[in-house]
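The entries below follow the order in which I looked things up.

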Amino acid sequence: MTNMDKLYEAVAARGPVCVGLDTDVSYLPEGFAKPELTAGENIVRFNQAIVDATKAVTGCFKVQIAYYESLGLDGLAAYKKTLDYVKATGVPVIADIKRGDIAKTAEMYAKAHFSGDLEADFITLAPYMGLDSIQPYMPFVEQQGKGVFVLVRTSNPGAKDFEYEKLADGRHVYDMVGDKLNAMGKSCVGEHGYSSLGLVIGGTHIEEAAEIRARYQDSFFLIPGYGAQGGTAEDIAQYLSQGNGGVVNSSRGVLLAYKKQPGTPFDQAAYNECVNMKEAIKNACDRL
């Protein structure tokens with residue numbers, strides 16, 4: 001069974017919510033940080049509480065490495081401890097690293113994030129340099145069942161700058177990227193019919209949602225853009241397939257949920273937000 005199969009089953013069991021542990025020190029509630037601990041150590045304590053509170057209603061967790069790199073070695077230690085804590089729960093974890101290099105450099109990135117101290121179940125990749133920026137990761141995917149999510153059509157406003165440009169055959173650039181990745185992923189389709197080479201499909205641009213879902217039926221989606229970036233449950237539902245086939249990331253919406261729930265402990269507020277998000281997406285899927 002591949003990691004993508006495990007992710008499919010996690011979504012079937014607990015729903016498509018992906019909690020983004022993109023944790024900045026400023027997100028910690030007032031009075032939470034212990035002054036005798038480092039910033040990284042306090043972040044780990046916060047992350048562990050979030051994981052404990054939400055793991056029963058979460059399909060996976062995503063850890064954005066930049067938040068930890070910004071703190072130097074202290075942050076990287078916090079990154080590792082966060083990954084280890086999530087892995088110990090049995091819930092799938094995505095390392096959001098967005099690497100995009102080639103040749104030996106990409107091989108080293110693959111080794112760094114698919115084995116050893118920083119090992120994760122999935123990583124994110126950027127394909128701008130071409131398919132040879134993805135190929136070095138495929139031995140881990142094909143031989144060990146690891147998974148990747150590759151940027152195709154993103155949720156940021158700048159997606160219009162390049163991704164939406166039209167080709168001579170009428171396709172968008174993101175269509176070309178998705179088509180090539182979809183073909184590449186045919187070599188690693190798991191028991192549940194989804195390739196271990198997944199696609200990042202932003203949930204904020206919905207005009208082509210039904211077309212994209214139909215076009216890549218065997219591709220699992222990582223769907224950013226919910227909540228803080230403007231994506232709604234109705235938008236997101238169109239990218240799922242009967243409530244599965246994708247995970248929907250929310251970072252600040254979960255981590256800072258306590259600010260919108262006065263008097264509620266931050267971990268309980270995070271749980272409440274995940275439940276509300278899960279139910280909203282399910283209801284939207286049921287209405288399709």
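I looked up what stands opposite Cys-18 and found Cys-60, which lies in strand β2. The model is a predicted one, and I kept in mind that local features need pLDDT of at least 70 and side-chain atom pairs pLDDT 80 or more, while totals for chains, interfaces and linings use all residues. I number residues from 1 along each chain as its sequence is written, and side-chain values use heavy atoms, with hydrogens and water left out.

I took helices (H or I, at least four residues) and strands (E, at least two) as DSSP runs, numbered from the N terminus, and I let two strands pair if DSSP finds at least two bridges between them. On that basis I noted that β1 and β2 (residues 60–64) run parallel and are joined by 3 bridges. I then noted that β1 is also joined by 3 bridges to strand β8 (residues 246–250), again in parallel, and that Val-19 has Ser-250 of β8 opposite to it.

I checked the two faces of β1 (residues 17–20) and found both covered, with Val-17 and Val-19 buried on one side and Cys-18 and Gly-20 buried on the other; buried means under 20% relative accessible area, with exposed over 50% and partly exposed in between, for a 1.4 Å probe and protein chains only.

I followed the chain from β1 through helix α2 (residues 39–54) to β2 and recorded a right-handed β-α-β unit, right-handed meaning that, with the strands pointing away from the viewer, the path from the first strand over the helix to the second runs clockwise.

I turned to the rings of Phe, Tyr and Trp (its six-membered ring), which pair if their centres lie within 6.5 Å, with planes under 30 degrees apart counted as stacked, over 60 as edge-to-face and the rest as tilted. I counted 9 aromatic pairs by this rule. One of them is the stacked pair of Phe-46 and Phe-266, at 4.8 Å centre to centre with 20° between the planes. Phe-46 belongs to helix α2 and Phe-266 to helix α12 (residues 266–287), so this pair ties together parts that are 220 residues apart in sequence. I read a relative accessible area of 0% for Phe-46, which is therefore buried, and 13% for Phe-266, which is therefore buried too.

I recorded Tyr-194 and Phe-220 as edge-to-face, because their ring centres are 5.4 Å apart and their planes stand at 80°.
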